Amino acid sequence: MKIKSAFKLKTLATLIMGLSVGNVYASNTDLTTWTASQSNLVTFSNGTATLNTGDGLGQSTYAYDSKSSTASFTDGANSSIGNLGLVGAILSDTSFSVTGNQILTFNWEFTTQSGTPYNDFALVDIGGTQYQLESIIKLHNAKDSGLETASIALAPNFSGTVSFVISHEGYDSYNSALSISNLSIAAAPVPEAEVLIMMLLGLPLMSLAVRYKQKTA
């Protein structure tokens, strides 16, 4: 059985050019211009967007509004599929677009007045891929995650929808909230020239080593 290398060698100049050009920042990282599924459940203050499930805020009348459905999202717990959400808030940019290799970075904080067995949860959905941020179960019934930072590598030349989500898993009378701030897009780090040279020199040696092992085997 032959093992083929997954790498295709290019010239150093071509590789460096491919890594270093074409990085354009997203046109919209201002969360106040994003679309809220239920505007009554999203507030903005001092550069921070806060998404609420609504209960306990005098907003429970919105709890079963179809715009507040979070049934397409899961908490990622207990199984590969997870448990479906029920209601909450979604803040989205449907025309999020970057060029090249970019990293999405933001600060977030999850707070809740609720507790188990309800597993309220928060996540960011990027082009249909859900990245779990926090949930009541993960917090072990604590009420505040504290301020955290997330950095997620976007697919090259990503274009699609990015959504922040806060969701009830089961309806109750206590609010949960997700706060987002300092959203930014940055170019993925470019390896130093010395590292690139070592990679290019090392790949042929790795290929020879694999072939040698195959022959000896």
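Predicted model: local features only at pLDDT ≥ 70, side-chain atom pairs only at ≥ 80, totals over all residues.
Residues are numbered from 1 along each chain as its sequence is written, and side-chain values use heavy atoms, with hydrogens and water left out.

**Exercise 1.** Work out how many helices and strands the chain has.

*Solution.* Start with the cut-offs: helices (H or I, at least four residues) and strands (E, at least two) are DSSP runs, numbered from the N terminus. Counting them gives three helices and ten strands. Read from the N terminus, their order is α-β-β-β-β-β-β-β-α-β-β-β-α.

**Exercise 2.** Find which strands sit at the edges of the five-strand open sheet.

*Solution.* Strands pair if DSSP finds at least two bridges between them. Step one: write the order, β1-β4-β9-β6-β7, with antiparallel pairing. Step two: look for strands that pair on one side only, and you land on β1 (35-36) and β7 (129-135). Now zoom in on β6 and β9, which share six bridges; here alanine 122 stands opposite isoleucine 166 in β9.

**Exercise 3.** Pick out which residues touch the most other members of the largest nonpolar core.

*Solution.* A nonpolar core is a set of buried (under 20% relative accessible area, 1.4 Å probe, protein chains only) Ala, Val, Leu, Ile, Met, Phe, Trp, Tyr and Cys residues joined through side-chain atoms within 4.5 Å. The largest one holds 31 residues, and Phe96, Leu104, Phe106 and Phe164 come out on top. Elements supplying at least two residues each include β4 (88-97), β5 (102-112) and β9 (159-167). Apart from this core lies another, of five residues, including Ile90 and Phe121.

Terms used: Buried < 20%, exposed > 50% of the residue type's maximum accessible area, 1.4 Å probe, protein only.
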